[in-house]
Amino acid sequence: MVLPIFLILASLAVALCLLVIKGEKLRQFTVIAGFCVIFVATLGLFRYSAHGVQFIEAHSLLADRLMMAAEIFLSLWLILISIQNKKFSIVLLVLLQALPLFWFEHFGRHVEAEYNIFVDHLSIVVALIVGIVGGLICLYALGYMRDFHAHFRKEVKDRQPLFFFLLFIFLSAMFGVVFSNNLRWLYFFWEVTTICSFLLIGYKQSEESTKNAFLALKLNMLGGLGFAWGLIYLQQNVGMIELDKLMVASKAVVILPVMLLCIAGLAKSAQMPFSSWLLGAMVAPTPVSALLHSSAMVKAGVYLVLRFAYILNGTTAGFMIALIGAVTFLFASFIAITQSDAKKVLAYSTIANLGLIILCAGIGTYQAVWAAMLLIIFHAVAKCLLFLCVGVVEHKIHSRNIEDMSGLIISMPKLSIMLQLGMAGMFLAPFGMLISKWAVLQALVDYNPILAIFLVYGSAATLFYWVKWMGRLLVVTGEAENVEDTVSDSEWFPLITLSFLTVMVCLFFPVIAAILVKPYVEEVFSRTVTMGAGDITIMTIMMAMVALFPLSFIRHGRKVKVVDAYLGGANTPGGVSFCNSFTVPQKMEMKGYYLDKYFGEKRLLPMGVISGAILLLAGLVFCL
Amino acid sequence: MPMKIFFQVLLYIIFAPVVGGILAGLDRKFSARLQGRVGPPVLQPFYDVLKLLEKENLVVRRSQNLYIWFFLVVIIFTGALFFAGGNLLLVAFAFALGSIFFVLAGFKASSPYSFIGAQRELIQIAAYEPAIFFTAIGIYMVTRSFEVHTAVAFPKPLIIFLPGVFFSLFYIMDIKLRKSPFDISTSHHAHQEVVKGITTEFSGKALAAIEVAHWYETVIILGFVYLFCASNIFLGILLSLAAFFAVVFVDNSTARAKWQAVLFSSWIVTFVTSVTNITVLYYLHK
């Protein structure tokens, strides 16, 4: 059987097994086996990387019928559950999608797809992320969910079979999204990821998580509406249902449906004005946040928009999408400064980085697409590492407030180093994200330097919030106990692998660029980016320099005399408090800068959402 | 060619601290005269550093000085990239990396004063970063290259095309040279509200390293200024020196600003001058 179809079906099969397995041992075994199969199969995708696009017919009446049946069932179920929870806007959204779709399916123009499945380098890149990073998250979830339920024994009902079922269905649907050439199929998988995320966010069944789950559902259904209507327009007016045909059609004819499809992509990748669902998704257990943020959900969004980069290039609609990305990057980076909840910082940083990718996709030049693909890879690995670390830290220190993380270097040294590595991977030279940011900047100044303004100011904010957090991890006040031994192996394995990957994708980035990114850009634009050999050498030198840093800790601090910190008074023994002017011991405290008055969420988020909405409408209007 | 670059870099590594140190000495002399004092000898900064090298190494956390050593190394590397004629964006990234090592050192020291200083230093970095990037972008818009050597080889003075960008660079020079009104992270006077800010817990060799790194930084930032008039070597040097002493003069005539003023004024000035400048250039080229 061909690999893409195998990946979709294998994940589905593992998911179905997990739904019926009740025993924990057997579940562990199944998840690990599933991970291994998916991992090996994803690596097998490299086989396709030697060639260009490959199409697979995959005609199956059974598959079509099953999808149709599943769609009807899911629509009805959504309507039912929305009515139960009095969310009538969602009922409306479902009806607005489902009814026209079924109507045109039966009474409208019928278009047959020639090839249902395809593989090219962009799908390979995203599939690799889904398979490897997503798979690692599933492994991690084993240990995490055990701790999670031990911790919330009373509050949260143990529904782990459902949980793991959803995780693997998610992976399956993601593979479906990236390999579908038939837009009808793509739409089906798209909706499945929406529903999975809805169920996963609502896993805790608390009031807050139910609320946020419905918010995610609503915003993604809104995007799905764009998808459905774009699909109908394409089918009825243009007579097209395949991605590859769409890509070579004349821009003037397809720009409106493409814009509609991009709305779905923007919603899924949590761009303003849709960004609030991703922030709400933070209530879910950490593996869900990691899956939604780094490898799956949001990557589906940027994947779709990036697909259309070639069509968007040079159009006003494309420029509006680029602006949405730029505005999102700027506002999300600013707001991230004010967040002290680690997961929210990660969420805002995700939104910001996806904004960068969308920005690149919107301008759609060959350099921008090159940069965007690298961003996708680097972001997925480093962000996933950060999420998984925060998940463990939260379980051990019972808080995910950054301010509570001082002394982590003593209490959880390995995790603290991994966190720092992940952060370095997110913004620091010479790590991955910075390489891509450099490429983005280059692409922007060649296209329209005014867009670079957003990047420049946003990057200044980015640096601020990451270093602030990094610094907090280094601060030590008083003694602390090492609590790292209780972290389970199923958590360590993904953490170590991801740390390793974070470094490796940076070291081997010229190779990755050459075998995965360059062929795609060449195929679509017939030209590609070449990085100067000199600059690569310099990056390597910097990498070596940074690599020396951890080594310097061996045998460090020998010829020094350790004294107490200066506290502005007579220190009391222990060095963490001093005698104040009333001769009363006063404990020292160090609080971070959050600049809430200036960059606060309440102040900036509405501004971002409104500008996003205006730009989105403008983009639609320009298509008409 | 590689030989020439090698010598450029070597000259920079050897002479940048000398130039930086002498400038620091001249700065003190000049400031003293402005305040009606005689002032220390011009070579005083070197005596200070030599003396620091003799001192005992006092630390709060054992590893804190490692960050300082890497700060120094990365700053030297940044300058080497710059004086080898390398890519301005890479120079900017490396510059930021160096500064981040310094900030992390401040955090690592785990003292309230260095902690506040480190955060303020971060605000300073956030304040000057945009201007540095716009300098690179502006130079690119004129010369169509991010390379320093192309900028130097450009036949006309860049300042003619980039007056706004130059002004924003001049504005943030004050931050990078740690001068009032923008010296919020390491105040020069230990009795003030944050004691010695980020450097509070550093002594001996580490403090000497911070000093030397600062000399290198001074030379790098003056190198940036030089690029704006690189077509004529004398005018270029004159422009750099004029900018330096203008900053010293401002230092002597202003009181320290709050962080809000540092951050937002830098951003706004950069926006108004650099962005206007770049926008105009963009539409002219179009």
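Me: How do the axes of helices α7 and α8 of chain A come together, and at what angle do they cross?
Reply: In this predicted model, the axes of α7 (residues 160–179) and α8 (residues 183–201) of chain A come within 8 Å and cross at roughly 155 degrees. Axes are lines fitted to C-alpha atoms, for helices over the stretch in contact, with angles from 0 to 180 degrees between N-to-C directions. Helices here are DSSP runs of H or I with at least four residues, strands are E runs of at least two, and both are numbered from the N terminus.

Me: Is α7(A) roughly parallel or antiparallel to α8(A)?
Reply: The angle makes α7(A) roughly antiparallel to α8(A); angles over 145 degrees count as roughly antiparallel, under 35 as roughly parallel, 65 to 115 as roughly perpendicular and the rest as oblique.

Me: Which residues make that contact?
Reply: Among them are Leu166(A), Ile169(A) and Phe170(A) of α7(A), and Trp185(A), Leu186(A) and Phe189(A) of α8(A). Two residues are in contact if their C-beta atoms, placed from the backbone, lie within 7 Å. By class, the contact has 14 nonpolar, two polar and no charged residues. Nonpolar covers Ala, Val, Leu, Ile, Met, Phe, Trp, Tyr, Cys and Pro, charged covers Asp, Glu, Lys and Arg, and the others, Gly among them, are polar.

Me: What are the conventions for numbering and confidence?
Reply: Residues are numbered from 1 along each chain as its sequence is written, while chains are lettered from A and ligands numbered from 1 in the order in which they are written. Local features need pLDDT of at least 70 and side-chain atom pairs count only at pLDDT 80 or more, whereas totals for chains, interfaces and linings use all residues.

Me: Turning to the interface, how many residues of chains A and B are in contact?
Reply: On chain A there are 47 residues in contact with 53 residues of chain B. The helix α22(A) gives the most to chain A's side, with 16 residues. That side has 35 nonpolar, seven polar and five charged residues.

Me: Which strand of chain B is joined to β3(A)?
Reply: Strand β1 (residues 58–59) of chain B runs parallel to β3(A) and is joined to it by two bridges. Strands pair if DSSP finds at least two bridges between them. Val562(A) has Val59(B) as its bridge partner.

Me: What is the strand order in the open sheet of chain A?
Reply: The order is β4-β5-β6, with antiparallel pairing. β4 (570–571) and β6 (585–587) stand at the edges with a single partner strand each, so one side of each has no neighbour in the sheet.

Me: Is Val345(A) buried or exposed?
Reply: Val345(A) is buried, with 24 other C-beta atoms within 10 Å. The cut-off for buried is 20 or more other C-beta atoms within 10 Å of the residue's own, with 12 or fewer for exposed and partly exposed in between; C-beta atoms are placed from the backbone. Val345(A) lies in helix α17 (residues 342–363) of chain A, and residues it touches include Ile402(A) and Trp469(A).

Me: Where does Ile402(A) lie?
Reply: Ile402(A) is in the loop between α18 (366–397) and α19 (408–411) of chain A. Ile402(A) also counts as buried, with 21 C-beta neighbours inside 10 Å.

Me: Which peptide bonds are cis?
Reply: The bond from Met272(A) to Pro273(A) is cis, with omega near 10 degrees. The bond from Ser180(B) to Pro181(B) is also cis, with omega near 5 degrees.

Conventions
Lists of a residue's contacts leave out its neighbours within four places in sequence.
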